[in-house]
Amino acid sequence: MINRIMIMCEPRITQSQTETPDPGMVNFCRLVCGETPCVITAVHPCSSPSDATPIRGADMLVMIDSAFEHYSSSAWEKASLIAAEKINPDIIVIPHTAAGYDYAPRVAALMDASCISSVTAVENSDGRTLFRRSGFHGKLDMLYEAGKFPAVITVMPGAFTAEETGKHGSVEEIRCSISMESVSDITLTDTSESNPELENADVVIAAGRGIGRQENLELVRSMAALFPASSIAGSRILCDNGWIEYRYQVGLTGKKISPRLYVACGISGSPQHIAGMKDSGTVVAVNRDPGAAIFSHSDICIVEDLEKFIPAFLEAAAGHNQK
Amino acid sequence: MRILVCIKQIADAESRPIITGNGSWAEYGNKTAYRLNRFDEHAIEEALLLKNADPGTEVDILSIGPERVKTAVRRGIEMGADRGVHINLEEKGYTSPLLKAGLIATYCKSAKYDLIITGVMSEDMMSGQTGPMIAALLGYPSAAGIIGLALNRSKYSISVRRELDGASACSMTIKLPALVTVQSGINRPRYPSLSNVMRAKTAVIEEIDQREKTTPALCENVHSVIETKQQRAGLVLCGTTTEKAEALWQMLHKKSLI
């Protein structure tokens with residue numbers, strides 16, 4: 001029976017980011033509890049009390065310490081452990097972000113807790129609460145049971161509806177004194193470069209590892225040129241290879257876009273990539289692997305080799321233009 | 001300076017997992033090609049770059065799993081690592097990352113490394129838990145998903161750059177001993193040199209047998225493995241390449257997209 005849940009709020013990493021916890025995390029907790037009365041407490045580590053904003057649908061524990069000025073796994077791990085001692089939760093919910101995947105496994109290991117990462121759905125089977133996540137290269141889904149409590153669960157950002165509902169809960173403030181002997185000189189660099197071409201594009205033709213050779217990017221560019229207000233984009237690996245600039249990267253660590261049409265060329269469809277394009281209008285995937293995960297997230301699926309398919313598509317388009 | 005690189009061998013991305021045991025797990029067939037997890041290839045490269053800068057550095061490669069993972073360990077030696085360690089563990093169904101992290105941490109307590117490097121996650125399971133768990137169990141600081149690493153020898157610390165959401169980053173100094181998990185953008189893994197390939201052929205991989213001893217602790221478990229949910233229409237186009245291309249054009253035209 002799960003009736004006590006603790007949510008760790010996302011640390012503020014960039015100046016533009018809001019301080020409140022993602023309402024999607026609260027909605028995730030509601031799904032976990034179902035009909036069971038449940039106490040949800042959002043834990044907010046911050047460096048000054050004015051940083052904290054109460055949220056709907058949960059009580060709040062504000063933890064104040066100068067160590068929380070910048071995110072570090074050491075500070076957030078300690079905050080989680082102190083809060084867990086106080087709240088005694090069945091489940092500790094942490095957003096699966098760059099911060100979350102850094103410290104959540106540490107918290108689980110130190111509490112000898114169960115740990116389930118990047119959960120995208122909650123299901124119930126014979127009174128058991130099951131946590132769904134993607135596995136096997138995104139080709140199959142896995143349903144996990146907590147097995148024991150407490151359990152640390154990291155939740156995929158954007159996987160749960162973000163409407164804020166419910167009343168503001170109580171707010172409690174505690175002061176901590178955390179020592180940070182192993183980590184120092186934390187500096188943030190905002191390297192995010194805006195890319196209006198990609199962010200405002202109606203049509204995005206995106207390429208992944210499956211394009212094979214850098215020269216094949218020309219095919220992707222030619223396909224994009226068929227559409228007005230279009231842009232090319234790339235999955236992480238193409239940017240890592242230096243084939244495409246990072247400002248064209250789509251995914252959790254790149255841009256989140258929602259064009260009218262998204263064509264995924266040779267993209268396998270990792271959850272990190274899906275998070276960046278799942279709100280697109282129409283999604284077309286071209287991949288030679290019929291089992292590629294991207295096909296589960298596509299309206300139109302084409303099992304083909306790109307080197308053959310794109311030229312064929314260019315030819316079809318040219319034929320129609322002549323008419 | 002002693003560095004340990006923890007690696008995982010995975011089934012190739014194009015292999016098809018088959019749901020087995022009434023939906024309780026999934027397995028790969030006999031003909032499946034296994035290879036080194038790409039993120040771990042970057043982890044090995046990062047360790048070798050430190051070794052290149054200071055030849056006194058020792059780099060060990062460790063993997064946990066059945067007999068076949070020795071091939072991945074040997075691949076690490078082919079790239080230029082000094083020694084290999086294999087924790088032999090039969091994996092039937094789900095194995096908790098905390099169980100593996102515990103076995104690795106136990107090994108590390110006696111072997112004493114200054115720095116432990118691993119990939120940010122495995123390409124197949126994508127949990128990213130094992131690395132930070134090893135660090136926590138050893139009481140080491142850690143940073144996950146780093147895209148830059150520099151050693152400050154005189155201060156016995158490392159400076160790392162971590163990737164954050166939305167293309168921002170942060171840098172920090174971490175005291176050694178520590179653990180980092182690396183993102184793929186950090187370096188370009190090298191190809192093995194012929195001399196290292198020859199050396200790897202005869203290299204002895206230390207084996208730690210855990211096949212009998214490990215009783216799984218009570219932890220999270222996999223209730224079932226199921227097909228992914230089709231999130232969108234998923235209409236599969238049929239016919240020749242030309243027919244599919246024409247069909248796509250028609251469909252996009254109907255939606256006024258082209």
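1. Surroundings of A:Q249. In this predicted model, A:Q249 touches A:G234, A:S235, A:R236, A:C239, A:G254 and A:K255, leaving aside its neighbours within four places in sequence. The residue sits in the loop between α6 (236-240) and β14 (261-265) of chain A. A:Q249 has a relative accessible area of 4%, and therefore counts as buried, the limit being under 20%. Its side chain makes a polar contact with the side chain of A:T253, at 3.1 Å.

2. A salt bridge in chain A. The side chains of A:R247 and A:E245 form a salt bridge, with 2.9 Å from N to O. A:R247 is partly exposed, its relative accessible area being 23%. A:E245 is also classed as partly exposed, at 45% relative accessibility.

3. Chain A as a whole. Chain A contains eight helices and 16 strands. Its C-alpha atoms fill a box of roughly 70 × 50 × 35 Å, taken along the principal axes. Of its 323 residues, 59% count as buried. Among the contacts in chain A with a separation of 6 or more, 63% are between residues 24 or more positions apart.

4. Chain B as a whole. Chain B contains six helices and 15 strands. The box filled by its C-alpha atoms is roughly 65 × 45 × 40 Å along the principal axes. Buried residues account for 55% of the 258 residues in chain B. Where contacts in chain B join residues at least 6 apart in sequence, 69% of them join residues at least 24 apart.

5. Nonpolar side chains tend to be buried together in soluble globular proteins. The largest nonpolar core here has 52 residues, and those with the most contacts inside it are A:M8, A:M63, A:V152, B:Y107 and B:I116. Helix α3 (residues 97-111) of chain B provides the largest share of this core, eight residues. Apart from this core lies another, of 40 residues, among them A:V26, A:C33, A:I55 and A:V119.

6. Contacts of A:M63. Which residues does A:M63 touch, not counting residues up to four places away in sequence? They are A:V43, A:H44, A:P45, A:C46, A:F68, A:A79, A:I82, A:A83, A:I174 and A:C176.

7. Extent of the interface. Contact between the chains involves 89 residues of chain B and 97 residues of chain A. The area buried between chain B and chain A is about 7,900 Å², and carbon and sulfur atoms give 54% of it. B:M126, B:R232 and B:L257 supply 9% of the area that chain B buries against chain A, more than any other three residues.

8. Polar links across the interface. Between chain B and chain A, 59 residue pairs are in polar contact, both residues being at pLDDT 80 or more. On the side of chain B that touches chain A, helix α6 (residues 241-254) of chain B gives the largest share, ten residues. By class, that side of chain B has 46 nonpolar, 25 polar and 18 charged residues.

9. Salt bridges between the chains. The structure holds 34 salt bridges over all chains, and six are found across the interface of chain B and chain A. B:E14 pairs with A:R288, the closest N and O atoms being 3.4 Å apart. B:K229 pairs with A:E123, where the closest N and O atoms are 3.9 Å apart. This second pair runs from the loop between β14 (221-227) and β15 (235-236) of chain B, which holds B:K229, to strand β6 (residues 121-125) of chain A, which holds A:E123. B:K229 is partly exposed, at a relative accessible area of 42%, and A:E123 is partly exposed, at 21%.

10. A salt bridge within chain B. The side chains of B:E123 and B:R35 meet in a salt bridge, at 2.9 Å from N to O. B:E123 lies in the loop between β8 (115-119) and α4 (130-138) of chain B and B:R35 in strand β5 (residues 34-36), so the pair ties together parts that are 88 residues apart in sequence. Are these two residues buried or exposed? B:E123 counts as buried, at 14% relative accessibility, and B:R35 is buried, with a relative accessible area of 17%. Elsewhere, salt bridges that share partners join A:E123, A:R132, A:D141 and B:K229 into one network.

11. Surroundings of B:R2. B:R2 belongs to strand β1 (residues 2-7) of chain B and is partly exposed, with a relative accessible area of 22%. Its side chain reaches the backbone oxygen of B:A111 at 2.8 Å.

Notes:
Residues numbered from 1 in each chain as written. Chains lettered and ligands numbered in written order. Heavy atoms only, no water. Core = buried A, V, L, I, M, F, W, Y, C linked by side-chain atoms within 4.5 Å. Buried < 20%, exposed > 50% of the residue type's maximum accessible area, 1.4 Å probe, protein only. Helix = DSSP H or I, 4+ residues; strand = E, 2+ residues; numbered from the N terminus. Contact = heavy atoms within 4.5 Å. Buried area = accessible area lost by both parts, 1.4 Å probe. Salt bridge = Lys/Arg side-chain N within 4 Å of Asp/Glu carboxyl O. Polar contact = N/O pair within 3.5 Å; in protein donor to acceptor, adjacent residues only side chain to side chain. Nonpolar A, V, L, I, M, F, W, Y, C, P; charged D, E, K, R; others polar.
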